[in-house]
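Here is a short report for a reader who is new to this structure. Please look at the sequence and the model before reading on.

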Amino acid sequence: MKDICSSILRLLNKYFDQEVTPRERILVEDHLKECRSCQKSLKFMEELRSLINLQIREATQEEDLPWLWQKIERGIHLQERPTLWQFIQSWLTSSPFLKKKVWIPVVATLGSFLLISTQIFYKKIPSHPDLSVVEYVESQTHNIMVYEFDKPKVTIIWLFDVVDKDSTAS
Amino acid sequence: MKQTPLLLPIFVSFLLLTSLSYAQVQTRLRVFEASNVGSGIDSSLRDMGDQLKSLFSFSSYRLLREEMHTLYPNQPVLVPIASRREIELTLIGKQRNVAEVKVKIKQEQKDILNTQVRLSPGRTVSIGGPKHGEGVLIIALSAHF
C-alpha cells in the first residue's frame, strides 16, 4: 500500500495542477476514494496553495504599483501596434521630463543658445567673400590705392606719384 | 585589334587638349589715355563708356592699344604699352570661374606695379595713374573663359 501511496503522491502535484492524463486521473481518483493519508496530502496542498494566493493578493492590494500597471498597459498598447503619432502622444504624457515645468525652460534655453550661436556664425562669414579681387599689390615707384566696386564689377588699382619731400620743402 | 595603337594616341591627345583648354584663360587688354584735353570716348571703348563716366572725371578717353592674349599656367606674356612701359601677365591658377593672374608693369627695369588679381567673367580690373602725354594711362584687363 505504501508503494502505491508514494507513486500516487508523485502524481498528486500534477493532478492538483490538472496536468495528468485521463488514465492517471482515474488512477489517482480511485486511490483517493480509499486512502485517507493521500486525501490529507491533497487537502494540505489545497490549503497551502490558497494561503499563498491570499498572501499575494493582500500584498498586491496593499502595495500601489502604478508603474507596474503602466508597464502592463504599455505592453497591451504595443501589442495593438499603435501609430507613430499615438506612440509620441503616449510618450509625451507619460514622460516626466516633458512636463511644462521642464520643457518650457529647456526650449527657451535651446532657442537662446541657437540665436547666440548663429549670430557668432554669421559674423565670422564675410557677406561678400568674392569681393576681394586684389590678392596683393606693391610698387617701387608709386603710392597705390585700390577701389573695388560690385556694381559695375570693376576693380581699380590707381598709382599716385610719390611726392618728393625735399622738393616740396624748398 | 589594329585600331588600338591608333586610338590610344588620339585618346591621350584628346585628354591633353581638354586639360590644356581647361587651364588656359583668354584675356582682353585695353590700354587707353584719359585726359581733360578735348572730349569724347573712343568708339572701341563705347562698351565701357558708362563705367568710365561713373568712375573717373576725365573728359576724353583715347584707345592706344587693344590685345587679346591666351594665358597658360606659369607662362608669362609680355606686352609693350605706351611710354617704354611693358606689362607682364602670368596665369597662376584657375578655379571654376576665377583665374588668378599676376600682373607686373615695368619701366626702365623698375617695377611700377606688382600685383596678383582674381579675374572672374564680367569683372574688369583697371590699372591707372601713370602719366602719359596730357593725361594718364589706364589699362583695363578682363578675362573670358
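The report below covers the contact between the chains, the sheet, a hairpin and the confidence of the model.

## Where the chains meet

This is a predicted model. In it, 20 residues of chain B are in contact with 19 residues of chain A. Three elements of chain B give two or more residues each to its side of this contact: α2 (49-55), β7 (110-119) and β8 (124-132). β7(B) gives the most, with nine residues.

What kinds of residue make up the side of chain B that touches chain A? By class, it has nine polar, seven nonpolar and four charged residues.

## A sheet built from both chains

Seven strands form an open sheet. Their order is β2(A)-β3(A)-β8(B)-β9(B)-β1(B)-β3(B)-β2(B), and the pairing is mixed. Strands of a sheet pair through backbone hydrogen bonds, either parallel or antiparallel.

Which strands stand at the edges? They are β2 (142-149) of chain A and β2 (40-41) of chain B. Each has a single partner strand, so one side of each is left without a neighbour in the sheet.

## Two pairings of β8(B)

Strand β3 of chain A, residues 154-161, is joined to β8(B) by five bridges. These two strands run parallel. Val154(A) stands opposite Thr124(B) in this pairing.

β8(B) also pairs with strand β9 of chain B, residues 135-144. Here the sense is antiparallel, over seven bridges. Val125(B) stands opposite Leu141(B) in β9(B).

## A hairpin in chain B

Strand β4 (residues 77-81) and strand β5 (residues 85-95) of chain B run antiparallel. Five bridges join them. Leu78(B) stands opposite Glu88(B) in β5(B).

β4(B) and β5(B) form a hairpin with three residues between them. Ser83(B) lies in the turn and has a positive phi of about 55°.

## Confidence in chain A

The mean pLDDT of chain A is 76. In this chain, 75% of the residues reach 70 or more. Among its elements, helix α2 (residues 22-34) has the highest mean pLDDT, 90. Helix α7 (residues 165-169) has the lowest, 48.

Methods. Residues numbered from 1 in each chain as written. Chains lettered and ligands numbered in written order. Predicted model: local features only at pLDDT ≥ 70, side-chain atom pairs only at ≥ 80, totals over all residues. Contact = placed C-beta atoms within 7 Å. Helix = DSSP H or I, 4+ residues; strand = E, 2+ residues; numbered from the N terminus. Nonpolar A, V, L, I, M, F, W, Y, C, P; charged D, E, K, R; others polar. Pairing = 2+ DSSP bridges. pLDDT = per-residue confidence, 0-100.
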